[in-house]
Amino acid sequence: MDAILDTIPQLIKDIEQLEDLKEEKENERQALETQNQKLRYRLKFLKEAVAKESNEKSNMDSVNIEDHSLINLHSILISLFSNAIKKAYPTLEDIGQPAVSAGSKFADYQCNASMQICKLLKAKGENVSPNAVAKKVVECLGQCDIIEKVDVSGPGFINVWLSRNKLREILQYVLENKLKPKPLTNPQRVIIDFSSPNVAKEMHVGHLRSTIIGDSLSRVFEFIGHDVLRLNHIGDWGTQFGMLIALLQDKFPDYKTVSPPINDLQEFYKQSKVLFDSDPEFKKRAYDCVVKLQSMSPDHVQAWKLICDVSREEFQKIYKRLNINIIERGESFYQSRMENVVKELENKGFLENDDGRKIMWSPESSIPLTIVKSDGGFTYDTSDMAALKQRIEEEKADRIIYVTDSGQSVHFETLKKCAIHCGILDPSKVLMDFVGFGVVLGEDKKKFKTRSGDTVRLVGLLDEGVKRARDKLVEKGRDKVLTDEELELAETAVAYGCIKYADLCHNRSHDYIFSFDKMLEDKGNTAVYLLYALTRIRSIINNLGTHTQDLNEPISLDHEKEWKLAKTLLRFSEVLSKITEDFCLHHLCEYLYDVATTFNEFYDNCYCIEKNSQTGEIEKVYTGRILLCKITAEYMNTGLTLLGINTVSRM
């Protein structure tokens, strides 16, 4: 009996270890199950995409341009070569997407897949030269009317020459119908969450990137044909309103009947914060105001609305200047939904107590979400979870994109993992993307601040931009040739365009240096250069006068510079496709800069108009080239509009 009793402690210990091991394996199982679910979704998505591409393009004798002008030449060529490789080497697996690139010295496009295929064949015991592989792929290449000819050179490079007649046909369609995408069979409901300032605080340079990037992404997805909901998740709820309402009651006791003159809400906030930190009595009243606001006391709700209205008016002034359209939906909107989501998570056992807090873990996250604070209040985690649930269930979102600084990547990754874990987010049905961005730096390469070390106010930044833009235009004597109205349009287009472009032309994940001097330069990859290029093209067309009535000739693509410009223009669809994949708008900026520089090459080498050297009158119009000018203007204007940059007819 004693021997049996002696074994009991060890048995208990063994049971506890087994329980721990069971829990650990269960967590591993759940993590693998979640990962498996994601992989199944990705596989399903890829299979559907491949099937769709194959059905549309495997036997394409001709590219149909009747229903849209955004022909993606790169995508068509990739599809053609993918099908040719499968036909030539049906037993090969994991070939991936063939490398097809533009801008080869030897041809219009080049496919460099032969070396990769050789390596895969060698692994199977087959030794074949890259040149032989390339020739076999070319033999299996389907017919397509965008291709003029194909040959093999060097160690297996497949050179592709495009059909000038087909590209002329595509550009003619753009000329007659403007740029318009193919109507989507299944447009997505895309929600883009961006800007997100806080009530009672001024918008500063930190909000600039989110606002500019979010607006431009919205424009791209809208242009393609998706149903986009632009949301401004402003901070309009929380303990700070207790301080603000308490100070409002102290300074303006008749606020319920007389609108208080709170012109500087930022200063009002600072005053309330000083009192909150130094005056215990004020602090107590501030907490009491929070409780009454949350219980929807009419007087406190009225005070809260008044403060929000003052902020909203200031935000709207900036959005109007920057031509930003966005729907405000602050944290207060989700108040009742936060209560419901907490109950749901609690009932399903996803919350655990942590020193009075209610936190939520996912098997894959290293940190938890704090759903309820120890004092019973809600957090950003709570409102973000409630917002995500509302957007999926009520807004029927297919895709949700958050545009905020990279410092919040861990928060959104944790939110995503926890939402999947509790079943709010099903990644096989709804995509959730985080679009992070770097910091705005000053010319000293430190965080952009004023000389006194304060955060740069956005309204002050815009005012400074307008002043500098006007000075630049006056310096160039534009005030002598433009009317007052034209000068005002030009200075705002240049100022706001430069500020937006200086942000968007950098890879969003990188920090960038804010410099008015550099962004206002009229040479290099700047908004000023692009705006001048577009106005120059428009002036060429406008100066034709009555000669515009005779533009009935074919678009000219015979000269090498004409052909180079045409190929550059037709990369537009490829660029937009890339943006929807990685959310990086610098691709569009680089494209527009390429178009502008290529156009200048074309214009310097190809006469569009010949004038009498003495009278200045037009003697000859090269109609085919003028048409190419008009098409270039259409592409540039569309691209700048997608970046949120207003264009002008005269600069």
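The confidence of the prediction may be considered before the details. The chain has an average pLDDT of 89, and 89% of its residues score at least 70. Residues 44-59, however, have a pLDDT below 50, and in the model this stretch makes 12 contacts beyond its near neighbours in sequence.

Strand β9, which spans residues 357-360, is joined to β10 by 3 bridges, and the two strands run antiparallel. Both belong to an open sheet of 3 strands, in which the order is β8-β9-β10 and the pairing is antiparallel. The edges of this sheet are formed by β8, at residues 351-354, and by β10, at residues 369-372, each of which pairs on one side only. From one strand to the next, the twist averages 45°. In general, the strands of a sheet pair through hydrogen bonds of the backbone, in either a parallel or an antiparallel manner.

Helix α12, formed by residues 380-393, packs on the sheet and touches β9 and β10, and the direction of this helix makes about 90° with that of β10. Helix α12 also meets helix α11 (residues 335-347), the two axes coming within 9 Å and crossing at roughly 95°. Because angles of 65 to 115 degrees count as roughly perpendicular, α11 and α12 are described as roughly perpendicular to each other. On the side of α11, the contact is made by Arg337, Met338, Val341, Val342 and Glu344, while α12 contributes Thr382, Ser383, Met385, Ala386, Lys389 and Gln390. The residues of this contact between α11 and α12 divide into 5 nonpolar, 3 polar and 3 charged.

A further helix pair is formed by α18 (residues 560-569) and α21 (residues 623-642), which pack at an angle of about 25° with their axes 11 Å apart. Since angles under 35 degrees count as roughly parallel, α18 and α21 are therefore roughly parallel to each other. The crossing in which α18 passes α21 is left-handed. In this contact, Glu562, Leu565 and Leu569 of α18 meet Arg625, Leu628, Ile631, Thr632 and Tyr635 of α21. When sorted by class, the residues where α18 and α21 touch comprise 5 nonpolar, 1 polar and 2 charged.

Technical notes:
Residues numbered from 1 in each chain as written. Predicted model: local features only at pLDDT ≥ 70, side-chain atom pairs only at ≥ 80, totals over all residues. Heavy atoms only, no water. pLDDT = per-residue confidence, 0-100. Contact = heavy atoms within 4.5 Å. Pairing = 2+ DSSP bridges. Helix = DSSP H or I, 4+ residues; strand = E, 2+ residues; numbered from the N terminus. Axes fitted to C-alpha atoms, helices over the stretch in contact; angles between N-to-C directions. Parallel < 35°, antiparallel > 145°, perpendicular 65-115°, else oblique. Nonpolar A, V, L, I, M, F, W, Y, C, P; charged D, E, K, R; others polar. Left-handed = near helix turned anticlockwise from the far one by under 90°.
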